[in-house]
Structure formats: structure tokens, C-alpha cells
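Hello,

I am passing a structure on to you, and I hope you enjoy looking through it. Please open it first, and then read my notes below.

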Amino acid sequence: MQAVGADKESIPQRTTAKVTLLANDATASSATEAEDAVELKRRIHQLEQEISSLKFDQHEAQQLALAESNAEMIQLRKTIQALRDEMDAVHFDKQQAVQAAVAAAHAEIHQLQETVHQLRVVLDDAQHEKQQAVQQALASSRAETEQLKMTVQALRDQLDQAAKQHH
């Protein structure tokens with residue numbers, strides 16, 4: 001029974017030893033936990049600073065990208081406006097050229113019509129003069145023919161008289 005009693009005494013001793021070991025471990029563990037807690041807090045603070053820095057960098061990058069995007073949009077708007085202005089100028093120049101060409105064509109048409117009219121007048125005058133010349137030539141020819149007929153008749157009459165006198 002002593003063995004059982006010795007076991008009984010050793011159980012509390014062992015339990016005490018275990019408790020002491022656990023207490024020492026707990027103390028060591030508490031010290032280690034305290035160090036770990038400090039390390040964790042330091043690491044948390046470091047990570048928070050990194051997150052804050054990353055957020056700041058991200059915000060700065062977003063602002064820079066936004067500024068670049070806005071600058072690009074402004075430049076594109078200016079380019080669009082310049083192209084519109086150039087297109088309007090080209091359209092205006094084209095319209096001016098078309099109007100000038102139409103005006104020149106109308107002026108040429110008017111000039112040609114005037115030339116045609118003048119040529120018709122000249123042609124009509126020439127035809128009228130020709131007709132007058134023909135009429136004058138015909139009248140002159142008729143008059144000459146009549147004169148010749150009268151001369152022929154007079155000569156016949158003379159011949160007849162001369163023949164009557166010779167007979």
C-alpha cells in the first residue's frame with residue numbers, strides 16, 4: 001500500500017510540478033505573448049502605414065491618371081474643334097469657288113449670248129444688204145433689159161424704115 005500511498009504523494013507533487021511548469025511556461029508564455037503582442041502591434045502599425053501609403057499612392061496615381069485623362073480630353077476637344085474649323089474653312093472655300101465658277105459661267109454665257117445676238121444682227125444686216133444688192137441687180141438688169149429691148153425695137157424700126165425706103 002505504500003506504493004499506492006507513494007503514488008498518491010507523487011501525484012500532488014507531480015501535479016504541483018506540472019502546475020509550476022505550466023506557470024513557468026505561462027510566465028514564459030506570457031513574456032513571449034507580450035513580446036508577440038508588441039511585435040504584432042508593431043507589425044499592425046507597419047501594415048497600417050503601408051496600407052495608408054498604398055492608399056495615398058493609389059489616390060495620387062488616380063489623380064494623375066484623371067489629370068492626364070482630362071488633359072487628353074481637352075487636347076482631343078481642341079483637335080476636334082480645329083478639325084471642325086478647318087472643315088468649315090474648306091467648305092467655305094469650296095462654296096466660294098463654286099460660286100465664283102457659277103458666276104464666271106453665267107458671265108461667259110451672257111457674253112456668248114451677246115456675241116450670238118451681235119452675230120445674228122450682222123448676219124441679218126448682211127442678208128438684208130445681199131437682198132438689196134440682188135434686188136438692185138435685178139432692177140438694174142430689168143432696166144438694162146428694157147433698155148436693150150427698146151434699143152432693139154428702135155433698131156428694128158429703123159431697119160424697117162430703111163427697108164421701106166429702099167423698096
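What percentage of the 167 residues in the protein is made up of buried residues? Buried residues account for 1%. Please keep in mind that this is a predicted model.

The overall layout is quick to describe: the protein has one helix and zero strands. That helix, H1, covers residues 2-166. The protein exposes about 15,200 Å², and 60% of this area comes from carbon and sulfur atoms.

On confidence, the mean pLDDT is 87, with 81% of the residues at 70 or more. Over residues 1-6 the pLDDT falls below 50, and this stretch has one contact in the model beyond near neighbours in sequence. Where pLDDT is low, the predicted coordinates should not be read in detail.

There is also a charged pair to look at. Side chains of opposite charge can pair when their charged atoms come close. The count here is one salt bridge, and it joins Arg42 to Glu39, with the closest N and O atoms 2.3 Å apart. Arg42 and Glu39 are three residues apart in helix H1, so about one helical turn separates them. Arg42 is partly exposed at 45% relative accessibility, and Glu39 is partly exposed too, with a relative accessible area of 37%.

Best wishes

Technical notes. Residues are numbered from 1 along each chain as its sequence is written. This is a predicted model: local features need pLDDT of at least 70, side-chain atom pairs count only at pLDDT 80 or more; totals for chains, interfaces and linings use all residues. Side-chain values use heavy atoms; hydrogens and water are left out. A salt bridge is a side-chain nitrogen of Lys or Arg within 4 Å of a carboxyl oxygen of Asp or Glu. Helices (H or I, at least four residues) and strands (E, at least two) are DSSP runs, numbered from the N terminus. Buried means under 20% relative accessible area, exposed over 50%, partly exposed in between (1.4 Å probe, protein chains only). pLDDT is the predictor's confidence in each residue, from 0 to 100. Contact means heavy atoms within 4.5 Å. Accessible areas come from the Shrake-Rupley method with a 1.4 Å probe; for residues, only the protein chains shown count as cover.
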